[in-house]
Amino acid sequence: MRTRVTEMLGIKHPIVQGGMQWVGVAELAAAVSNAGGLGIITGLTQPTPEDLLKEIARCRDMTDKPFAVNLTILPTIKPVPYELYANTIVASGVKIVETAGRNPEPYLPMFKAAGIKVIHKCTSIRHALKAEKIGCDMVSVDGFECAGHPGEDDVTNMILLPLAARRLKIPFLASGGIGDGRGLAAALAMGADGINMGTRFMVTQEAPIHQKVKQRMVDASELDTALIYRSLRNTARVFKNSVAEKVMEIEARDGPTNFEDLKNLVAGVKGRELFSDGDLDKGIWSAGMVVGLIDDIPSCEELITRIVREAEEIIKFRLQQMLA
Ligand code: NAD
């Protein structure tokens, strides 16, 4: 498949692995890139900018294909030196950056000067248009189905993607709710130039996550996610475990929610421990509704090859036959 995404990013298949906290490490990013997609190293998963530089070098040792770095700008428990992370990305020589969360405008001049292509992840059309206006090269349009932070508008990809196709000039990825070839074919039909998957890549051989977590996601249905931090206007879709249920219970109490009451339950470090020791109720982890479509733990190569094959078959046979 050739699309504006494969052309601009220099990749074989229009499939991007979204930045994921604690998951987007060199092994996963390299596996996705080696399979012909675009792998992404998550910047803030590395504790310091120096560690990020080392992680990028590790990824280069594992692949000679393009890969990107994600920089997410959202509320955090500890302040993040974003400027230093951005400088490090530029110094590393990486040529593609995925930004997410707040407006990436302050960092665009330095990325542009370094010849870096910027993909901004947006959860609304107004933010996508703004990203186009300030000079982002591509956007990733993130529907309400997605894992992590879907924004506060609750508009699904069935609406967002056609709107994006009507209004944007720059290429865009469909993100959220996609886990198979049907999703890829549908995203392309709705005007997207490719897809971005996070949750689906969590359940692969190469994802640095305990087998118990992967298996729990295989066993899950589409009803097994929860929305937390709604009351703080920092909504996140996470796997519905006992900790997520506790957070929702605290948020449902009368009066405004104080983040301090949630902090110990949701701290990212607990999520990281959960991923490494497989204790499913230690903290929270991001997961999208697409868990309902995941029923195996393939390698990234198997997954990407299968998704492309399924999408091609749908386009060539199923859709063609309808016209015949
Ligand atoms: P963390 O440990 O600093 O915070 C844990 C969670 O609490 C995060 O979701 C964060 O957004 C939220 N949070 C922190 N302070 C808050 C406040 N004052 N008000 C409301 N919410 C608050 O974060 P982490 O888990 O180490 O993650 C680091 C960064 O990556 C954060 O910016 C986080 O939002 C982001 N992240 C994004 C995704 C995604 O799917 N897009 C998933 C996980 C984390």
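Domain bounds here come from an automatic or database domain assignment. That assignment gives the protein domain 1 (4–208) and domain 2 (225–286). This is a predicted model: local features need pLDDT of at least 70, side-chain atom pairs count only at pLDDT 80 or more, and totals for chains, interfaces and linings use all residues. Residues are numbered from 1 along each chain as its sequence is written.

**Domains and ligand**

The centres of domain 1 and domain 2, taken over C-alpha atoms, are separated by 24 Å. In the interface, 13 residues of domain 1 are in contact with twelve residues of domain 2. Contact means that the C-beta atoms of two residues, placed from the backbone, lie within 7 Å. By class, the side of domain 1 that touches domain 2 has eight nonpolar, four polar and one charged residues. Ala, Val, Leu, Ile, Met, Phe, Trp, Tyr, Cys and Pro count as nonpolar; Asp, Glu, Lys and Arg count as charged; the others, Gly among them, count as polar.

Where does the ligand lie? Both domain 1 (4–208) and domain 2 (225–286) give residues to the shell around the ligand, so the ligand lies between them. The ligand is surrounded by 21 residues, and the closest are L74, T76, I77, G148 and G268. The shell divides into twelve nonpolar, nine polar and no charged residues.

**Helix packing**

Two packed helices are described by the angle between their axes and the distance between the axes. Helices are DSSP runs (H or I, at least four residues), numbered from the N terminus. Axes are lines fitted to C-alpha atoms, for helices over the stretch in contact, and angles run from 0 to 180 degrees between N-to-C directions.

| Helix pair | Axis distance | Angle |
|---|---|---|
| α8 (residues 181–189) and α14 (residues 300–323) | within 7 Å | roughly 55° |
| α2 (residues 26–34) and α3 (residues 49–62) | within 9 Å | roughly 35° |
| α3 and α4 (residues 82–92) | 9 Å | about 30° |

The angle of α8 with α14 is roughly 55°. α8 passes α14 in a right-handed crossing, with the near helix turned clockwise from the far one by less than a right angle. G181, R182, L184 and A185 of α8 make the contact with R306, I307, R309, E310, A311, I314 and I315 of α14. This contact has six nonpolar, one polar and four charged residues.

α2 and α3 also have a right-handed crossing. Here A26, A29 and A30 in α2 meet E55, R58, C59 and M62 in α3. By class, the contact holds five nonpolar, no polar and two charged residues.

α3 packs against α4 at about 30°. That makes α3 roughly parallel to α4. The crossing of α3 past α4 is right-handed. P49, L52, L53 and I56 in α3 meet L84, Y85, T88 and S92 in α4.

How values were computed. A residue is near a molecule or strand if its C-beta atom, placed from the backbone, lies within 6 Å of it. Helices (H or I, at least four residues) and strands (E, at least two) are DSSP runs, numbered from the N terminus. Angles under 35 degrees count as roughly parallel, over 145 as roughly antiparallel, 65 to 115 as roughly perpendicular and the rest as oblique.
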